[in-house]
Amino acid sequence: MLPQEIIRAKRDGGALTPAEIDAIVDGIVSGRLTDAQVGAFAMAAFLKGLDRDETVALTRAMTFSGETLDWPDAAGPVLDKHSTGGVGDTVSLLLAPALAACGATTPMIAGRGLGHTGGTLDKLDAIPGYVTQPDVATLRKAVAAAGCAIVGQTAAVAPADKRLYAVRDVTATVESIPLITASILSKKLAAGLFGLVMDVKTGSGAFMPTHALSLELARSIVEVANGAGLKTVALLTDMDEPLAPVAGNALETLHAIKLLAGRRQDARLVDATVALGGEALALGGLAADAEEGRTMIARAMASGEAAERFGRMCAALGGPADIVERPRNHLAEAPIVLEVFAKAEGVVAKVATRTLGLAVVALGGGRTRADDRIDSAVGLDRLAGVGDAVGPDRPLAIVHARDEAGAERAAAAVRDAYALADAGATPSRAKLIQE
Ligand code: URA
């Protein structure tokens, strides 16, 4: 089967057989397909769609494109959470150690930044020494030591998604329900999970910006996952503004560590983490229901147990042993720090979250080519949220940049991203956890 003939069939709107999808996935992993062909396949699938049978076939082929893991010695149920991608979304850094502290085993196979969204692996790459692509033996050792390990697909685990994901990132083919479904679930099925909680984002910073499309994505993932034998539930969460007031790799990692260590507060990020974690603990039978699970996760975070697990995970994967105590000793800082003020005083009415994500990419905190190196130090922090008053004494955000020109460009993007109402207005904020 010539790849170009299969791509042509999809381009013309045909439904591919499992054998044709296997041939494409095989070509992606073996390198027989060129980047151009991988991009063309992604674009054809993006434009013409994949029906449920094709999505299941793609998910299965990508799952078995490498090694699949199992956890016969796991101390607890193997549980995980995955997000469809957002800005300022550092839930994974908090939740993996919190789940472990509650008795779960969490081998979290995470992704890199995609499009305008940040990636958990890129955030962890900001920690010097932390190996985000360990071999399977090291991954197992880290999970045994900490109860959790956040790592990327290696050459061994879901390698087809690794390559397809990198190509989609730079070919405008991310926002596709079947491609997102197969991408996420191939990693999760290969990781040998018992239960998965999906954080499906909705709003201006989500890949699926409308509520209806986000629901469709949630249904697609839940149906394909449960059909493949992976117990899965999904929550729809707001991405009409960044989840945390920071976006950028080292900045988000610092934020998460400070929060775990009780040295910073962030109610929205904690609420999202607790809600997702509660569902996971209930799925795994560690809590009687999601409410009890939420209490357990909140306790694990407040007591410092989650922070302690994070420290153990980091050390087991090659990072500094004192990352929780002294994160600033290890995380890079950008040389240029610029406060960005609005033109007039007012209250934040709306945030174009995607614009903020793209500003981080343009600063060097994300990729425009699959092989780009990321500048972990750059990004945005103290981002104002919906309803916040901004003015001469309260900036919209602070830009962290490598040079003055980059800082000025990012500042202009930040100003564009914010719509203000008159001072004193009380704009409504989207619900964090949506129906
Ligand atoms: N996260 C993934 O792992 N894959 C996607 O395609 C989108 C978000």
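Q: How many helices and strands does the chain have?
A: The chain of this predicted model has 16 helices and twelve strands.

Q: Into which domains is the chain divided?
A: The division gives domain 1 (3-63), domain 2 (79-328) and domain 3 (336-421). The centres of domain 1 and domain 3, taken over C-alpha atoms, are separated by 37 Å.

Q: Which residues does the UniProt domain annotation cover?
A: An unreviewed UniProt entry carries the annotation "domain: Pyrimidine nucleoside phosphorylase C-terminal" for residues 347-421. Over residues 347-421 the chain is 36% helix and 25% strand. The end C-alpha atoms of residues 347-421 are 5 Å apart.

Q: Why is strand E1 described as largely enclosed by the rest of the structure?
A: A residue is buried if 20 or more other C-beta atoms lie within 10 Å of its own. Five of the five residues of E1 (residues 79-83) are buried, and the strand is therefore largely enclosed. The burial extends to both faces: Leu79, Lys81 and Ser83 are buried on one side, and Asp80 and His82 on the other.

Q: How do you know that E1 and strand E4 pair, and in which sense?
A: Two strands pair if there are at least two bridges between them. E1 and E4 (residues 195-202) have five bridges, and the sense is parallel. One point of this pairing is His82, whose bridge partner in E4 is Met198.

Q: What makes E1 and strand E12 the edge strands of their sheet?
A: The sheet is open and has four strands in the order E1-E4-E5-E12, with mixed pairing. E1 and E12 (433-434) each pair on one side only, and are its edge strands. Helix H5 (residues 91-101) packs on this sheet and touches E1 and E4. The direction of H5 makes about 170° with that of E1.

Q: How do you know that strand E5 and E12 count as paired?
A: The criterion asks for at least two bridges. E5 (residues 231-238) and E12 have two bridges, in the antiparallel sense. Leu236 stands opposite Gln434 in E12.

Q: What makes strand E9 and strand E11 edge strands?
A: Three strands form an open sheet in the order E9-E7-E11, with antiparallel pairing. E9 (389-390) and E11 (418-421) each pair on one side only, and are the edge strands. Two bridges join strand E7 (residues 346-351) to E9, and at least two are required for pairing. Val347 stands opposite Ala389 in E9.

Q: Why is Thr120 called buried?
A: The threshold for a buried residue is 20 or more other C-beta atoms within 10 Å. Thr120 has 29 C-beta neighbours inside 10 Å, so it counts as buried. Thr120 belongs to helix H6 (residues 120-125). Leaving aside residues up to four places away in sequence, Thr120 touches Ser92, Leu93, Ala110, Gly111 and Ile150. The C-alpha atoms of Thr120 and Arg8 are separated by 35 Å, and these residues are 112 residues apart along the chain.

Q: Why is Ala172 called exposed?
A: Ala172 has 12 other C-beta atoms within 10 Å, so it is exposed. Its place is the loop between H8 and helix H9 (177-190). Phi of Ala172 is near 55°, a positive value in a residue other than glycine.

Definitions and conventions:
Residues are numbered from 1 along each chain as its sequence is written. This is a predicted model: local features need pLDDT of at least 70, side-chain atom pairs count only at pLDDT 80 or more; totals for chains, interfaces and linings use all residues. UniProt positions are given in the numbering used here, feature names are shortened, and annotations may be inferred rather than shown by experiment. Two residues are in contact if their C-beta atoms, placed from the backbone, lie within 7 Å. Axes are lines fitted to C-alpha atoms, for helices over the stretch in contact, and angles run from 0 to 180 degrees between N-to-C directions. Domain bounds come from an automatic or database domain assignment.
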